[in-house]
Amino acid sequence: MSTQDAAEPTEFPSRMGKVAPRELALNGYTRYEQLTSVTAAELLKIHGVGPKAIRILEEELAARGLSFASS
């Protein structure tokens, strides 16, 4: 089994692409609620998570009445 196959499924949207959700899962983030304890800047440090993924996640969090942790 490769590392790519080891990532848990996430509830993040497919419009983020394949890499960002996979890398988030490998770093322990698979649900929106988990993102409320981390800042966007911290997530940007994860390989494969860029500004587009952060923007999409911010939109999805806001739609659920949630947000990233404040810095």
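Let's start with the aromatic rings: this structure, a predicted model, holds one aromatic pair (rings of Phe, Tyr and Trp, the last by its six-membered ring, with centres within 6.5 Å; planes under 30 degrees apart are stacked, over 60 edge-to-face, the rest tilted). The ring centres of Phe 12 and Tyr 32 lie 5.2 Å apart with planes at 75°, so the pair is edge-to-face. Phe 12 sits in the loop between helix H1 (3-6) and H2, and Tyr 32 in helix H3, 20 residues apart, so the pair links distant parts of the chain. Helices here are DSSP runs of H or I with at least four residues, numbered from the N terminus. Both Phe 12 and Tyr 32 are buried, meaning under 20% relative accessible area with a 1.4 Å probe, protein chains only.

Now for the largest nonpolar core, which has 18 residues (buried Ala, Val, Leu, Ile, Met, Phe, Trp, Tyr and Cys joined through side-chain atoms within 4.5 Å). Among the members touching the most others are Met 16, Leu 24, Leu 43 and Phe 68. Helices H2 (19-26), H3 (32-35), H4 (40-44) and H5 (51-63) each give two or more residues to this core, and H5 gives the most, with five.

Leu 43 is worth a look: beyond neighbours within four places in sequence, its contacts (heavy atoms within 4.5 Å) include Leu 24, Tyr 29, Ile 54 and Phe 68.

In H2, the buried residues are Ala 20, Pro 21, Glu 23, Leu 24 and Ala 25, and they pack against H4 and H5. Just after H2, Gly 28 takes a positive phi of about 95°.

Residues are numbered from 1 along each chain as its sequence is written. Local features need pLDDT of at least 70 and side-chain atom pairs 80 or more, while totals for chains, interfaces and linings use all residues, and side-chain values use heavy atoms, leaving out hydrogens and water.

Note on methods: Buried means under 20% relative accessible area, exposed over 50%, partly exposed in between (1.4 Å probe, protein chains only).
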